Amino acid sequence: MSALSSVRRLLVRLTPGGDLTEQTVKSGIWATITNILDRGLQLLMIAILARMLTPADFGLLGIALLTLTAFKRFSNIGFDQALIQNASGNVDDYLNTYWSIEILRGLLLAGILALIAPLVAGFFGEPRATPVLRVIALTPLLLGLRNPGIVYFKKNLEFHKQFVYTMSGSVTNFAVALSVALATQSVWALVLGYVASDAARMLASYAVHGYRPWPDFDVEIARDLFGFGKWITGSESVYFLINQGDDAVIGWLLSAASLGLYQVAYQFAKAPATEISQIISSVAFPAYSKLQDDIPALRSAFYQTLQVTIVIAFPASVGIAVVAPTFVKAVFGTDWLPMVPVIQLVAVYGLLIALGSTYSPVWKALGRPDYMVKLGAFRLVVTALIIVPVTREFGIVGAAAAVLGVYVFPVMPIDVYLVIKSVETSLGRLLREVSYPAVASLLMGGVVLWLQATLSLPWVFLELLVLVAAGGAVYGTAVLVFETQLNWGLRETLRNFAGAI
């Protein structure tokens, strides 16, 4: 009972309230909890289902979701973000028009996806994708039917309600997918789990928020919403092409099985470094925008954010890269071994993206979000020029290498130059900060590789546990030595971070 009482008291304390600063910090904690649990449950589900299904099953869902996401991104008119950005605290007058437009959009997308399903299947050379896409086509309509009142969750920093809404779908997806997989061991476990998650969120939206919409359409309100939302459509389109263009190329040139291997490798290899670092950079140091006129203070905040990010991202990425062969055998089985080199390449890419996640808040705080758009467009063009021939020649490993290679050069040097210029620092200072976790992680990686080559344990899962434990011990020891002997300054940064939380 005491444990339950403690949890209850903690939840009460985390209910957003107080001044804006307190609301922001509490909401940040809820956002972090939501992100970790949602992502963790998704990865656990994939790991379990990978033992029951084949890479081709995951690839079939990947084809359907790739098509669905493309239509959703290219038709995203950003009404929810327009309502959140609206200076008025009450946007009830907008909600019925917003809801009506979202339902019409959902109906239109569902109809188009059902009609073009055979064409999409033919493009990817995978006829089995037709019924999968037609069932997945239900989800835009389910999303359109959601209670529009959920925009208040983010607008009013009520992230504890956003947690309930998000996790209702995540838990439903896990339960339905696992149940269907046990019964059928087919791709329908993934499909029905995905559809059920959106249905659960639609129902939860009405349970968690009291607003009750009614069909209506006000031309002036629609025009106002379109005025802001049209810019969201453009950014969503570019973002989709950058992040999922390689999936489309693999599905087109190779096979559903190759796409399944590639997507699963991506989700596991990139998640630890990028998910954690994005939480830190977006929640722990929100003061960037308040420091735009004080460059020395902004520079200090940037290095604190960088320090906390890389102390997590470096060992996560290096660790994933070195244990990939053992990890795949232990968690997925031998059928999934072709994705090992993809995991290793994507782990490095995830590290570089984690570093880059500390740059963009600086640019936005200084009023230069155009840096991100211009760099993104440049990166998209260069990647498009090389990814098709490289993928055709080297398969999924070639696709991962192309994505990583374009970021390493020429994008990363430009990133580094711009952030150095923005916070008025030096390349030497930046490299010195990165060097501590880099050296500690490389020491860890060397020890783990040596153990992996010499260990001969009866169970591969036990070997994985030993490698992870040994790697953590080596990295922790190296960090402690650097902090105590070389005056790294990590303890002070962590104290500031804990204080912010």
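Mentor: Helices here are DSSP runs of type H or I with at least four residues, numbered from the N terminus. The model is a predicted one. With that numbering, H13 supplies the largest share of the lining of the second largest pocket, 11 residues. The pocket itself has a volume of about 750 Å³. Its lining comprises 34 residues, and the closest to the centre are Pro-272, Ala-316, Ile-320, Phe-327 and Val-468. The elements that each give two or more residues to this lining are helix H2 (20-49), helix H12 (256-284), helix H13 (295-331), helix H17 (427-454) and helix H18 (460-485). By class, the lining of this pocket splits into 27 nonpolar, five polar and two charged residues.

Take Trp-336: leaving aside neighbours within four places in sequence, Trp-336 is in contact with Ala-50, Leu-53, Thr-54, Pro-55, Phe-58, Gly-260, Leu-261, Val-264 and Val-328.

The structure holds one cavity of 30 Å³ or more, and about 60 Å³ of space lies in the largest cavity. Lining the largest cavity are Tyr-98, Trp-99, Glu-102, Leu-143, Gly-144, Arg-146, Asn-147, Pro-148 and Ile-150. Helix H5 (92-123) and helix H7 (138-144) are the elements that give two or more residues to that lining, and H5 gives the most, with three. The classes there are five nonpolar, two polar and two charged.

Some backbone details remain. Most residues other than glycine have a negative phi, and most peptide bonds are trans. The bond from Phe-409 to Pro-410, however, is cis, with omega near 20°, and Pro-410 lies in helix H16 (residues 370-423). Glu-424 has a positive phi of about 55° although it is not a glycine; its place is in the loop between H16 and H17. Glu-424 counts as exposed because its relative accessibility is 54%, where exposed means over 50%.

Note on methods: Residues are numbered from 1 along each chain as its sequence is written. This is a predicted model: local features need pLDDT of at least 70, side-chain atom pairs count only at pLDDT 80 or more; totals for chains, interfaces and linings use all residues. Side-chain values use heavy atoms; hydrogens and water are left out. On a 1 Å grid over the protein atoms alone, a cavity is a set of points where a 1.4 Å probe fits but cannot get out, and a pocket is an open set with protein on both sides within 12 Å along at least five of seven lines; lining residues have an atom within 4 Å of a point. Grid points are joined across faces, edges and corners, and a volume is the space filled by probe spheres set on the points. Ala, Val, Leu, Ile, Met, Phe, Trp, Tyr, Cys and Pro count as nonpolar, Asp, Glu, Lys and Arg as charged, and the others, Gly among them, as polar. Contact means heavy atoms within 4.5 Å. Buried means under 20% relative accessible area, exposed over 50%, partly exposed in between (1.4 Å probe, protein chains only).
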